Amino acid sequence: MNDTQTPGTDERTPAGPAATGIADPGPLGLAAFALTTFVLSVFNAGLIKDGALEAVVLPLALWYGGIAQVLAGMWEFRKNNTFGAVAFTSYGSFWLSFAAYVQFVAPKLPAAHAHQATGLFLLSWAVFTLYMTIVATRINGVLLAVFTVLSLTFVLLAAGELAQSTGVSHAGGWAGLLTAVLAWYGSFAGVANATWKDRSLPTWPLAG
């Protein structure tokens with residue numbers, strides 16, 4: 001096992017011909033996810049109350065959380081890392097679809113029932129995140145923490161939308177802020193350990 005592998009890399013998979021020749025895309029994917037999640041979660045938690053300012057999320061969702069993360073997922077395919085490829089490509093697509101939903105779909109939905117569509121959108125991502133959390137129990141502690149709190153985030157946000165509960169949605173926003181911090185740590189550890197050529201920052205590998 002390569003000691004410089006990052007939280008975004010399946011640490012059970014030995015390096016082989018398909019895993020050589022490119023840098024580890026894991027830190028990029030985690031950073032893109034963390035930053036975009038952080039900015040949106042500031043609004044979801046109610047820390048900034050002017051909803052018009054939430055438009056700042058859309059370019060991040062398109063370019064960094066979306067396109068950059070999808071690219072990280074494609075490079076994870078190149079490195080023969082199934083978990084990283086599925087996770088980064090999926091969450092990159094989440095941000096792209098979120099931007100499209102907010103910009104083009106949500107304004108055309110019936111106002112009285114739009115929350116149901118948003119809740120369904122979030123609930124479906126909660127299902128995906130929950131089973132990815134189960135898989136993360138065999139990778140490392142950082143990823144397990146990220147996916148556990150992200151699962152809680154999606155569940156709370158979905159419940160808040162479906163129940164039209166501002167308090168529950170705010171709780172989801174706070175969970176999203178914690179998710180962002182954990183993902184940022186994972187990215188930081190990946191960049192630092194690859195650059196410093198040792199595992200100076202722990203990721204707590206779990207038994208495979």
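The model is predicted, so local features need pLDDT of at least 70 and side-chain atom pairs count only at pLDDT 80 or more, whereas totals for chains, interfaces and linings use all residues. Residues are numbered from 1 along each chain as its sequence is written, and side-chain values use heavy atoms, with hydrogens and water left out.

The protein chain contains six helices and zero strands. Helices (H or I, at least four residues) and strands (E, at least two) are DSSP runs, numbered from the N terminus. Along the sequence the pattern reads α-α-α-α-α-α. Of the 208 residues, 47% count as buried (under 20% relative accessible area; exposed is over 50%, partly exposed in between; 1.4 Å probe, protein chains only).

Two helix pairs were examined. H2 and H3 pack at about 155°, with axes 7 Å apart. Axes are lines fitted to C-alpha atoms, for helices over the stretch in contact, and angles run from 0 to 180 degrees between N-to-C directions. H2 and H3 are therefore roughly antiparallel (angles over 145 degrees). H2 passes H3 in a left-handed crossing (the near helix is turned anticlockwise from the far one by less than a right angle). Their contact comprises 17 nonpolar, nine polar and one charged residue. Here Ala, Val, Leu, Ile, Met, Phe, Trp, Tyr, Cys and Pro count as nonpolar, Asp, Glu, Lys and Arg as charged, and the others, Gly among them, as polar.

H1 and H6 also pack at about 155°, with their axes 7 Å apart. H1 and H6 are therefore roughly antiparallel. The crossing of H1 past H6 is left-handed. This contact has 13 nonpolar, eleven polar and no charged residues.

The largest pocket has a volume of about 850 Å³. A pocket is an open set of points on a 1 Å grid over the protein atoms alone where a 1.4 Å probe fits, with protein on both sides within 12 Å along at least five of seven lines; lining residues have an atom within 4 Å of a point. The volume is the space filled by probe spheres set on the points, which are joined across faces, edges and corners. The lining holds 36 residues, with Leu40, Asn44, Glu54, Phe98 and Glu161 nearest the centre. Helices H1 (26-44), H2 (57-78), H3 (82-105), H4 (114-136), H5 (141-163) and H6 (166-196) each give two or more residues to this lining. By class it has 19 nonpolar, 13 polar and four charged residues.

Glutamine 164 has a positive phi, near 55°. Glutamine 164 lies in the loop between H5 and H6 and is exposed, with a relative accessible area of 56%. Tryptophan 204 likewise has a positive phi, of about 55°, and sits in the segment after H6.

Technical notes. Parallel < 35°, antiparallel > 145°, perpendicular 65-115°, else oblique.
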